[in-house]
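Notebook open, model loaded. I want to go through a few local features and jot down what I find.

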Amino acid sequence: MHVLIEPGSYHCGNVGDLAMLQVAIERLRRLWPEASIAVVTNAPGALASHCAGVHPVPLAGRIEFMTDRFFGRADRLLPKRVSHTLAVAE
């Protein structure tokens, strides 16, 4: 099983967010000891020092994934009204 965690902050500099992340990781490991745990971050070194044994997932990849659209950028070729309808549907 693979678990991906979306933390409260991506830089591991917020002590409260970091504490919640550490507790979440600990609880997930208790629930699923064999699971691979990954965390979205833009500070893989800091993540490794605070949360051992998790895999860093680059924030840039998450941004690219979330901004990519189901129909790609076909909306640029369509009339504005159709493009808007398509965006709402997605």
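I started with Glu-26, which comes out as partly exposed at 44% relative accessibility. My cut-offs: buried is under 20% relative accessible area, exposed is over 50%, and partly exposed is in between, with a 1.4 Å probe and protein chains only. This is a predicted model, so local features need pLDDT of at least 70 and side-chain atom pairs count only at pLDDT 80 or more, while totals for chains, interfaces and linings use all residues. Residues are numbered from 1 along each chain as its sequence is written, and side-chain values use heavy atoms, with hydrogens and water left out.

Next, what does Glu-26 form a salt bridge with? I get Arg-30, with the closest N and O atoms 2.7 Å apart. The criterion is a side-chain nitrogen of Lys or Arg within 4 Å of a carboxyl oxygen of Asp or Glu. Arg-30 is exposed, at 60% relative accessible area. Both residues sit in helix H1, four residues apart, or about one turn of the helix. I find one salt bridge in the structure.

Then I looked at where H1 goes. It spans residues 15–31 and lies across E1 and E2, running at about 160° to E2. Contact here is heavy atoms within 4.5 Å. Axes are lines fitted to C-alpha atoms, for helices over the stretch in contact, and angles run from 0 to 180 degrees between N-to-C directions. Helices (H or I, at least four residues) and strands (E, at least two) are DSSP runs, numbered from the N terminus.

On to the sheet: it is open, with three strands in the order E1-E2-E3 and parallel pairing. Pairing takes at least two DSSP bridges between two strands. E1 (2–5) and E3 (55–58) are the edge strands, each pairing on one side only. Neighbouring strands are turned by 30° against each other on average, direction ignored. I see four bridges joining E1 to E2 (residues 36–41), and His-2 stands opposite Ser-36 in E2. Is E2 mostly covered or uncovered? Covered: five of its six residues are buried.

Last stop was Met-1, in the segment before E1. Met-1 is exposed, with 56% relative accessible area. Together with Leu-31 and Trp-32, Met-1 forms a nonpolar surface patch of about 350 Å² accessible area. Patch members have over 30% relative accessible area and no salt bridge; like charges are joined within 9 Å, nonpolar side chains (Val, Leu, Ile, Met, Phe, Trp, Tyr) within 5 Å. Accessible areas come from the Shrake-Rupley method with a 1.4 Å probe, and for residues only the protein chains shown count as cover.
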